[in-house]
Amino acid sequence: MIDTRLYLAQRISALIMVPLVIGHLAVMLYAVQGGLTAAEILPRTRGSVFWFGFYGVFVLAVSVHAAIGLSSVAREWLNWTGTRLRAFAVLCCLALAVLGMRAVLAVTGL
Amino acid sequence: MSTPSEMRVTVARGDASNPSEMEFTVPVEANQTVLDVVTWIQQHADPTLSYRFACRVGMCGSCAMMVNGEPRWTCRTHVSRVLDGDRLVLAPLRNLPVIKDLVVDMNPFFDAWQRADAVHRPSRARADGVAAVNPESRPRIAADAAIECINCAVCYAACDTVAGNPDYLGPAALQRAWTLINDERHSDPAATLDAVTGTDGCLNCHSIGSCSHYCPVELRPLDAIAGLKRQVVRRALGKRLPCD
Amino acid sequence: MMNTPRHALHWAHLLHRVSGIALALFLPVHFYLLSLALTDPDAFSSVIAFTDQPLVKVAEGGLVFLLCAHLFGGLRLMALESLSWTATQKTLAAAGIAGSALVALLFFLQVARA
């Protein structure tokens with residue numbers, strides 16, 4: 001099911017996410033020091049164009065990446081093919097992108 | 001390690017519509033191969049057992065089976081290396097339709113070679129003379145690394161990607177395409193690369209590496225497929241093939 | 001019918017696939033909880049407070065492990081696909097898992113200290 005376009009999209013989204021995942025891990029390691037509180041997180045992120053860009057790109061990349069990965073698994077482990085498989089991939093991508101962007105908007109308040 | 005004097009051998013019988021298993025007790029001999037065991041069963045216990053072999057010396061690629069769950073060339077696999085206690089479980093190759101007992105239909109395997117455009121199309125006519133090929137050139141080294149394939153389908157049986165997607169071309173056919181793309185005498189490497197970059201081609205490989213792990217002649221289809229993926233990416237970036 | 005192949009890279013592949021699926025399933029939950037910050041700030045605060053539970057911290061450590069395993073596994077894959085590194089692949093796979101465990105442990109120590 002993987003053609004050149006999907007293969008490149010999978011690798012490019014992965015490469016984009018390498019620094020983002022490392023950044024996200026660093027943020028988490030920093031943020032959990034002394035326990036998590038909403039009062040601590042939100043002032044850092046609210047109104048920040050930087051974090052909006054950081055997590056906005058992250059969400060879009062992961063939507064593409066996860067949709068391709070999940071449809072590969074659906075092809076091989078569930079034997080899905082054709083229209084059903086394509087619809088599943090598109091649905092995964094859209095659902096993750098919409099939910100993810102909502103979360104980014106909520107946390108940055110932009 | 002003490003060797004038992006007898007082994008218990010479970011053999012898959014029948015076909016996909018009527019599968020069953022039979023157990024045989026077979027004497028253990030020195031330097032015995034798994035193919036010797038199958039032959040002993042057919043000659044001394046059950047003459048109706050079907051299996052396939054020809055050369056017995058690891059050249060023809062016809063005797064591969066699942067031995068204790070792993071694909072092996074049975075004529076060159078010593079029992080002493082694979083015996084699990086006193087147990088040996090023999091089954092037809094994975095990922096291929098069973099005809100009867102230990103014999104599989106090899107057609108899907110060879111069809112994949114055709115679909116991969118694994119056909120040499122000469123770039124010269126008779127009058128052009130013999131092409132001078134530099135054995136030290138990078139493409140030739142890559143081609144040489146893969147030409148000793150005996151078509152035994154052990155890699156095809158080992159491949160989980162084939163198991164999940166029967167339309168996937170599989171390691172052997174893709175490796176063959178890689179040798180052609182690196183053969184400077186092949187007239188149309190771009191067409192061969194096209195044939196292996198379709199929706200069921202080399203880009204579906206997950207680099208699990210069972211092909212290289214189980215290849216009885218120690219070829220590395222995993223490397224060949226990685227080579228194909230690199231050429232696909234290079235071509236997408238507008239670069240030329242190694243022998244174009 | 002037959003067993004699937006058993007060797008180091010096969011396990012590395014399975015870990016990559018299973019961690020990918022788990023992360024993809026976790027993401028919608030993660031996104032939903034974060035979006036509560038906008039729609040229902042009180043619920044958001046109580047979700048954050050919920051992460052103080054010891055079991056939740058262990059689960060978070062597990063997620064960090066999966067994320068790292070998928071990151072290092074993916075880097076290994078792309079390195080293998082773009083370079084000819086076969087001889088050292090197994091070492092890289094092992095290093096990837098070890099690295100993941102290390103970062104997850106680091107994270108767990110941080111939350112446990114809190």
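**Close-up views of a three-chain model**

View 1. B:Val11 has B:Leu90 of E5(B) as its bridge partner. This is a predicted model in which local features need pLDDT of at least 70 and side-chain atom pairs count only at pLDDT 80 or more, while totals for chains, interfaces and linings use all residues. Residues are numbered from 1 along each chain as its sequence is written, chains are lettered from A in the order in which they are written, and side-chain values use heavy atoms, leaving out hydrogens and water. Strand E1 (residues 6–13) and strand E5 (residues 87–91) of chain B run parallel and share four bridges. Strands here are DSSP runs of E with at least two residues, helices are runs of H or I with at least four, and two strands pair if DSSP finds at least two bridges between them.

View 2. The contact takes 10 residues from chain A and 16 residues from chain B. Together they bury about 1,100 Å², 54% of it on carbon and sulfur atoms; buried area is the accessible area (1.4 Å probe) that two parts lose on being put together, summed over both. A:Tyr7, A:Arg75 and A:Glu76 supply 47% of the area that chain A buries against chain B. The count of salt bridges (a side-chain nitrogen of Lys or Arg within 4 Å of a carboxyl oxygen of Asp or Glu) between these chains is zero.

**View 3. Here chain C meets chain A.** This contact takes 31 residues from chain C and 37 residues from chain A, and the buried area is about 2,900 Å², with 78% from carbon and sulfur atoms. C:Arg17, C:Phe31 and C:Met78 lose the most area in chain C to chain A, together 21% of what that side buries. Look for two salt bridges across this interface. In one of them, C:Arg17 joins A:Glu76, the closest N and O atoms being 3.1 Å apart.

Technical notes. Contact means heavy atoms within 4.5 Å.
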